[in-house]
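Thanks for making time this morning. I would like to walk you through one model, so please have the sequence and the structure open while I talk.

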Amino acid sequence: MNICRIERIPVDVGFKPSPETHMARELWNWCISEVVRVTLDNGIVGYGETLPHYTWGRVTDAAVEKAAGRNPFELLWDDSLGAGLQMAIWDAAGKAAEVPCYRLIGDKVRDDCPISWWAIDMPPEDWAAEALDAVEAGYTCFKLKARPWWDIEAQVKAVCDSAPSWFKLDVDFNALLLDPGHATPVLQKLERYSNVVIFETPIWQHDIEGSRQVRAKSSRPISMHFGSRHF
């Protein structure tokens, strides 16, 4: 049982009209996806997907050459293949073994996983409109990109005034609050809104002691971006 074919299929899915204006400022190419289709010599097909202009690992010609003709189970943990190809190989391997992918790792930990609606920094009224779109689409949480050139309290208030109380907000600062002295008063203002449940990377992630101080003064959990320095 070996990989006999690897296809990389670029797809331009476009943006909804509302976020398109804002995405055009700096992330215009995030509308491009690459679907990866892996076919095994027994006919099993696995699929993966990546954003070639964002995702941590692109699927290169070298990765395709490396995986071609190989048994998929030999490649599951090879991160050098790129996210889309590795995902497709896991999918094919799970189908070949006739088990869900998690069985290739261990026991099931959860039955489902919430997927957040995401938005770039926008004026308050546009964030509020995005939140309503998210609720209508069945989402329960919203990851917001907080930036210092907007009034983050006005943005969060607009969302909370529009969305139901169960709709949760993850406010991601990408370290732009810099240090505990700048971060603490901002976070304490946002804690007044019950929809806010997570603060993501409020200050520089390498500042371990600073993060400890921020957490001690905040009632909300603080999450860190994957791939950055470990505690």
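This is a predicted model: local features need pLDDT of at least 70, side-chain atom pairs count only at pLDDT 80 or more; totals for chains, interfaces and linings use all residues.

Let me start with N71, which sits in the loop between α2 (61-67) and α3 (83-97), where helices (H or I, at least four residues) and strands (E, at least two) are DSSP runs, numbered from the N terminus. If we leave aside the neighbours within four places in sequence, N71 is in contact with M1 and N2, contact meaning heavy atoms within 4.5 Å. From N71 to L178 there are 107 residues in sequence, and the C-alpha to C-alpha distance is 47 Å.

Residues are numbered from 1 along each chain as its sequence is written, and side-chain values use heavy atoms, with hydrogens and water left out.

Now the chain as a whole. The protein chain has seven helices and eight strands, and its C-alpha atoms fill a box of roughly 60 × 40 × 30 Å, taken along the principal axes. Of its 231 residues, 42% are buried, where buried means under 20% relative accessible area, exposed over 50%, and partly exposed in between (1.4 Å probe, protein chains only). Among contacts with a separation of 6 or more, 64% are between residues 24 or more positions apart.

Which residues touch the most other members of the largest nonpolar core? They are F142, V156, L169, V171 and F173, in a core of 31 residues; by nonpolar core I mean a set of buried Ala, Val, Leu, Ile, Met, Phe, Trp, Tyr and Cys residues joined through side-chain atoms within 4.5 Å. The elements giving two or more residues to this core include α4 (124-136), β5 (141-145), α5 (152-162) and α6 (180-190), and the largest share, four residues, comes from α5. Apart from this core lies another, of 19 residues, with V38, L76, L85 and A88 among them.

That brings me to the helix pairs, for which axes are lines fitted to C-alpha atoms, for helices over the stretch in contact, and angles run from 0 to 180 degrees between N-to-C directions. The axes of α4 and α5 come within 8 Å and cross at roughly 35°. Residues P124, W127, A128, A131 and L132 of α4 meet I152, A154, Q155, A158, V159 and S162 of α5, and this contact divides into nine nonpolar, two polar and no charged residues. Here Ala, Val, Leu, Ile, Met, Phe, Trp, Tyr, Cys and Pro count as nonpolar, Asp, Glu, Lys and Arg as charged, and the others, Gly among them, as polar.

Next, α5 and α6 pack at an angle of about 20°, with their axes 10 Å apart. That makes α5 roughly parallel to α6, since angles under 35 degrees count as roughly parallel, over 145 as roughly antiparallel, 65 to 115 as roughly perpendicular and the rest as oblique. On the α5 side the contact is made by I152, E153 and V156, and on the α6 side by V186, K189 and L190; by class, the contact has four nonpolar, no polar and two charged residues.

Finally, α6 packs with helix α7 (residues 208-216) at an angle of about 25°, the axes being 10 Å apart, and α6 and α7 are therefore roughly parallel to each other. In this pair P180, A183 and L187 of α6 meet G210, Q213 and V214 of α7, which gives four nonpolar, two polar and no charged residues.
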